[in-house]
Structures are given as C-alpha cells and as structure tokens.
Amino acid sequence: MKLLSIGNSFSEDAHGYLYDLFKSVGEDIHLVNACIPGCTLEMHWNSLLRNEENYLYQFKGVTTKENAVLRDILTSEKWDVITLQQVSHYSGKYETYQPFLADLYCEIKAICPDAKFYIHKTWAYEHDFVSSNFEIYNNDQKYMYKCLCDASNKAAESIGADIIPAGDVIQYLRENTKEFNYKNGGLSFNRDGFHLTLDYGRYVASLCWCCKILGIDAFDVKFTPDACRDEKLVIIKNAVNTVLKGE
C-alpha cells in the first residue's frame, strides 16, 4: 500500500507509529507525510498551484527531504490512499475549508485517479490549553470537538471521502475512562495542549488510522511502543474498536 498524507504537524503525530503498526500485521506500506507545520487547506492549495518548494517529505515518520514540491510528490508514486486535513485551529470552522478543499481534491484526483481519499478528523485541544487559537472555541474542549465533528463530516461529504476518526477516539477516551480523564487526574493525550504526546497520544492516532484503513480489529495489531503499558493499551484498543464499529 502507498499512503500519502497532505497535512501538517497533526498528520505527523498520526504517523508516529503507523509504519510499525502496519508492519506488525504483515502489511507492507510506503508511507509519506507531505508536511508544512501549521498548514491550512488554503496554503496547501496555493502551494500546489504555484509549485512552491516548501514541504517536508517525511518517509516512515522521518524527514528525508526539505523544500519538496507537492506536485512532485503526487506524481512520484501511484498512491492508493491520500489523506487531507484542515489545520487544527480551523478544524471546526467549515467556512475555512472551502473552496480550497474542493479545489485540492479535484486537482489531486486528476493526478491520482485511483486513490481513496480520507479526511483526517483531528482532536480538540486540552481543556486547560491557553492560546488565542482555543479562544475561537470559547476555551471549551467539548464545544471545539462538536465543531470539528460537524466540519469534518461536511468536508468528507463534500468530496465523497471517508473519515479517519482519530479525534473521536481521543475524545471517547477522555470522557469514558479514568485513565485518560485528564481533568480528574488521568493522563493527557497532549504534550503541549494541542500536539499529541509521544507515547499514548501518537499511539491512539496511529492505531485508529491503521484499523480504519485496513478494516481490522485493534487487537489484531501486535506492535507495542516501548513507552506504553499493556493495561492502557487494552483500554485504547477497546476504544478504537468501539468508535470504528459505531460509525
């Protein structure tokens, strides 16, 4: 499988353990993240249109090239899967998606006609995160989550794409398990209020991606990051299964 994400640091987080997870179930994957930190859909569209040399080319989670051109990446392989996403602070504002998402999709579809498209539904910020970007959502995690759900659903529908519900799994764990209920002493999934922690945070997102794209049960995935404990992995795998089966 050849999988390309066109994203930013949130797709970088989601790719954190993705290659290892695919490999653990016997799936050979050519995994690339075309990344500009903080990149909006509008910026992706303009970069593609102008052939700007401003992408990090991340292969299997490691940056192997800087100043890459998105069109060159798109034409370099016969991509099976392509993921798109909005920057996190606009993730719940559908008006920021268009017309750039539709334009991107049409242009990329012309280059990669056989690819399956997904919208990466990202996650809400941690409840105590302090940032003007969080003020857009009244500094309210649940409100931000509701907004990004609405916007992601509309975005996916607008281009006929499927959704990778990483943000759903994270919110489910926040609200339904004591281990990850940060408000009441559990672990946070965020290392800085918005990016994922390098252990459980990235693992949750990568596992969700793996199971969604391959259509497999989370307990079929055997890879375990060194920093993660087995008892919490069981909780996470149950959450991934619950969310994916409830779609």
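The model is predicted, so to speak of local features a pLDDT of at least 70 is needed, side-chain atom pairs count only at pLDDT 80 or more, and totals for chains, interfaces and linings use all residues. Numbering runs from 1 along each chain as its sequence is written, and side-chain values use heavy atoms, leaving out hydrogens and water.

Strands here are DSSP runs of E with at least two residues, helices are runs of H or I with at least four, and both are numbered from the N terminus. Two strands pair if DSSP finds at least two bridges between them.

| Pair | Sense | Bridges |
|---|---|---|
| β1 (residues 2–7) with β2 | parallel | six |
| β2 with β3 (residues 53–59) | antiparallel | four |

On the β3 side, Cys-35 has Leu-56 as its bridge partner. Of the six residues in β2 (residues 30–35), five are buried, meaning under 20% relative accessible area with a 1.4 Å probe, protein chains only.

Now to a helix pair. Helix α8 (residues 166–176) packs against helix α10 (residues 230–245) at about 125°, their axes 9 Å apart. The two are therefore oblique to each other, the class left over once angles under 35 degrees (roughly parallel), over 145 (roughly antiparallel) and 65 to 115 (roughly perpendicular) are taken out. From α8, Asp-168, Val-169, Tyr-172 and Leu-173 meet α10 residues including Ile-235, Ala-239 and Val-243, where contact means heavy atoms within 4.5 Å.

How values were computed: Buried means under 20% relative accessible area, exposed over 50%, partly exposed in between (1.4 Å probe, protein chains only). Axes are lines fitted to C-alpha atoms, for helices over the stretch in contact, and angles run from 0 to 180 degrees between N-to-C directions.
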